[in-house]
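Let's take a walk through this protein together, stopping at a helix, a loop and some charged pairs. Have the 3D view ready and follow along.

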Amino acid sequence: TEEMAKQVSRYAEDQPKVKLVKMPSHIGLMVAKVEGAKVATGDVLVFLDSHCEVNVGWLEPLLQRIESNPNTAAVPMIDSIDAQSFLYRSSPVATRGVFGFSLYYAGGAFSDEDSIALAKGGAAPLPAMPGGLFAIRRAYFDKIGMYDTGLRVWGGENIELSMKVWRCLNGRVELVACSRVGHIFRDKGHTFPHGEGLHKNYKRVARVWLDDYYKFFENSFPRAKRFKTGDISEPMKIRHSLECQSMDWFVKNVFPDMYIPRDIIAEGLLVSEQTNTCLTTGGVEIASHPGQHPSSASAVMWKINHESDYNYWYFTRQDGGRVVHLGVWIEECLGASRERGLLVCQCGIGPGSSCTAADVRWEPHEVDPTQIRHVASKQCLALDGKVPKLAVCSSAHRWRFAPHAE
């Protein structure tokens, strides 16, 4: 509001070290951060969201990591501040920042080795930074092109910057255990102007950074086809001038456990020959952590929709044979059990997962490969009216994998 803006201006006037930079219009946090970085004068830039509260001794550990490696983006441990009561709660577990081909930030688990390092007050590598809270050397931030200012409002900037840091000039993204900053997590979403949106931001990042892996983004999130990326010549110029590493290098050296469909039997919309409808996740986005919700959802039949983000499947021989959808937060498996029937779930990723490894194993029927057989039950994917289920294998239960229409 206007009154709040006046209060902020008055506060800034009373703080000799504060410089208040007002943008002429609401164009998003990426451009705002870049403009702030241009005005700042320190050797190290520290980015914090406005809804943060720093803890005691938060800055020195970040600076120490940058001193050890000047091309480090140092990220603090992020604690939670209640949006209503402002109660500060320390996060009991360190979260490893990861992402899939949606390019959404997700929380994963650290290896035992990294967990021990963090418990001793050290640092651990992050494939992806969470976004708004980090420190970075000014000269390095300038050299890698800061943020891509073609991204609008919010979303994707943390993945874009993580890619640049890891892949350009031997940079690193690290979580620093001894630095703690509180953050208010809000439920309110972001409003985008006409022609802008999250899908556009992520498509822009994907075009610049995913290389041959772009196909996984495009197939699994076809709604992005509605959006044009805008001019990406500048971020591409920066990438090539710095001779940044490939996405293949990133997967092998930084994020080797990133899920990538391999040994693919078939892929596409999973269409029933019986009804000409396709199997979907029902629009549910499965959580990335065992024990988080939603950890599973009912598999649902929908009309064929070539702009849906919830209906593209990979039938692979990986891990004994799986039918996998690349979800927003994590890869999502088609599963089945005697107790729960047919469902979409976490892919047997560990204790607390919504499906076991046996629940999510599938294979083509050896006589009729248009039938998809559940290995544990020896039954096939079928329909009961409009409801997907398991049934005795027969030629009545045939499926095809259909590509997206152009």
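Is helix H7 mostly covered or mostly uncovered, and how many of its residues are buried? Keep in mind as you look that this is a predicted model. H7 turns out to be mostly covered, with 11 of its 12 residues buried. The helix runs over residues 198-209 and reaches 16 Å from its first C-alpha to its last, close to the 16 Å expected at 1.5 Å a residue.

Next, a loop. Ser 308 sits between strand S13 (300-302) and strand S14 (312-316), and it counts as buried because its relative accessibility is 4%. A polar atom of its side chain lies 3.1 Å from the backbone nitrogen of Tyr 310. Leaving aside residues up to four places away in sequence, Ser 308 touches Ser 220, Pro 222, Trp 302 and His 404.

Now for the charges. Side chains of opposite charge can pair when their charged atoms come close. The structure holds 22 salt bridges. One of them joins the side chains of Asp 263 and Arg 317, at 3.2 Å from N to O. Asp 263 lies in the loop between H10 and strand S10 (264-272), and Arg 317 in the loop between S14 and strand S15 (322-326), so this pair ties together parts that are 54 residues apart in sequence. Asp 263 is partly exposed at 45% relative accessible area, and Arg 317 is partly exposed at 49%.

Glu 363 belongs to strand S18 (residues 362-364) and Arg 373 to strand S19 (residues 372-374), 10 residues apart. Arg 373 also forms a salt bridge with Glu 366, where the closest N and O atoms are 2.4 Å apart. Arg 373 is buried at 13% relative accessibility, while Glu 363 is partly exposed at 23% and Glu 366 is exposed at 58%. Elsewhere, Arg 65, Arg 172 and Glu 174 are linked in a salt-bridge network.

Finally, look at the surface, where Met 4, Val 8 and Leu 20 form a nonpolar patch with about 270 Å² of accessible area together. Val 8 lies in helix H1 (residues 2-13) and is partly exposed, at 40% relative accessibility.

Key. Residues are numbered from 1 along each chain as its sequence is written. This is a predicted model: local features need pLDDT of at least 70, side-chain atom pairs count only at pLDDT 80 or more; totals for chains, interfaces and linings use all residues. Side-chain values use heavy atoms; hydrogens and water are left out. Patches are made of residues with over 30% relative accessible area and no salt bridge: like charges are joined within 9 Å, nonpolar side chains (Val, Leu, Ile, Met, Phe, Trp, Tyr) within 5 Å. Accessible areas come from the Shrake-Rupley method with a 1.4 Å probe; for residues, only the protein chains shown count as cover. A salt bridge is a side-chain nitrogen of Lys or Arg within 4 Å of a carboxyl oxygen of Asp or Glu. Helices (H or I, at least four residues) and strands (E, at least two) are DSSP runs, numbered from the N terminus. Buried means under 20% relative accessible area, exposed over 50%, partly exposed in between (1.4 Å probe, protein chains only). The expected span of a helix is 1.5 Å times one less than its number of residues. A polar contact is a pair of N or O atoms within 3.5 Å; within protein, one must be able to donate a hydrogen and the other to accept it, and residues adjacent in sequence count only if both atoms are side-chain atoms. Contact means heavy atoms within 4.5 Å.
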